[in-house]
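Here is a short briefing to read alongside the sequence and the 3D view. Have a look at both, then work through the notes by topic.

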Amino acid sequence: MARRISVTMLSSYLYCARKLFLERVLKLFEPEKLALVKGSIRHDTIDKASQFEEEVVRSVIEGDDYESIYNKYLAIYSKLLRESIVRNKYRLKTVKLPLIEAYNEIIPAFKQHSEMGALRLYKFVEENKFYGDELWEKLVPKIKSEIRIESPELELNGIVDQIEVYPDGFIPIELKTGSMPNEGVWPGHRIQLAAYALLMEEKFGKEIKEGFVYYLDQQERRQIVMNSFLKQEVRELKDKVRVLLNGEEIPEFTGNENKCKKCGLREKCFDEKILNKLLKEKITN
Ligand code: SF4
């Protein structure tokens, strides 16, 4: 049976096929980076928070104003952020960031998330006058997070960050920290969402027409419209990744200086002697 390819491998391949080979085939790993650790704490907190969305919504009663809904969101984010920081304490130690500083640096982003959540919910309450359980029943869309999907048919697997559930369909949302392109989304993010759309179509039996990348640092959602070319691109890319993982040749350099400057594997990547030794060991084992 063919080994399933994870969706994140597709975007890693697009970013730098050589890096994917170094990590997955030669088992070389980048040292921890401050931005990466902070990004994954933030990501983890948001994923967990959407599981509490129902609790927040059901707790809204008549007379709650914007401020009180904002405080409900912030209390959840603040608790989950502290828990995530504790879970990541060893990674934070590696990048020399004390836990309290990590909290102080990340919490402003969650104040913004609380504002957005409270605004959306308060508007819905004001317009519809639903509260508590009824509010939860009527609220559209509902958000599901961290949905694991795999498909023997597509030979792909992955975890969708968030899915917005509407009465007539589903929209996948991918959460990203870091930079955002001037227009549209980065190629890797586009292919990731398209792959999730394919997986979701198979799982839910409904066509997925669009998806969004939510760039957390910029607080901006960017749309991707699905089409058959994009889906075909996913299938072709998956085959290329399979060839790379089974291959015995180190792919070429990415040719993008900016990527190499930021890359934690750059020293080893440019050391042909080390790489050839590791490759030889892999082939003979
Ligand atoms: S140094 Fe450049 S070519 Fe090498 S793995 Fe990193 S990004 Fe790819």
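Which element of the chain has the lowest mean pLDDT, and which the highest? Strand β2 (residues 142-151) has the lowest, at 87, and helix α5 (residues 66-87) has the highest, at 97; pLDDT is the predictor's confidence in each residue, from 0 to 100. This is a predicted model, in which local features need pLDDT of at least 70 and side-chain atom pairs count only at pLDDT 80 or more, while totals for chains, interfaces and linings use all residues. Residues are numbered from 1 along each chain as its sequence is written.

**The chain as a whole**
- The average pLDDT is 93, and 99% of the residues score at least 70.
- The chain holds 13 helices and six strands, which are DSSP runs numbered from the N terminus (helices H or I, at least four residues; strands E, at least two).
- Along the principal axes, the C-alpha atoms fill a box of roughly 70 × 45 × 35 Å.
- Of the 285 residues, 27% count as buried (20 or more other C-beta atoms within 10 Å of the residue's own; exposed means 12 or fewer, partly exposed in between; C-beta atoms are placed from the backbone).

- Helix α13 (residues 272-284) spans 18 Å from its first C-alpha to its last, close to the 18 Å expected at 1.5 Å a residue (1.5 Å times one less than its number of residues).
- K277 lies in helix α13 and counts as exposed because it has 12 C-beta neighbours inside 10 Å.
- K277 and L26 are 251 residues apart in sequence, yet their C-alpha atoms are 9.9 Å apart in space.
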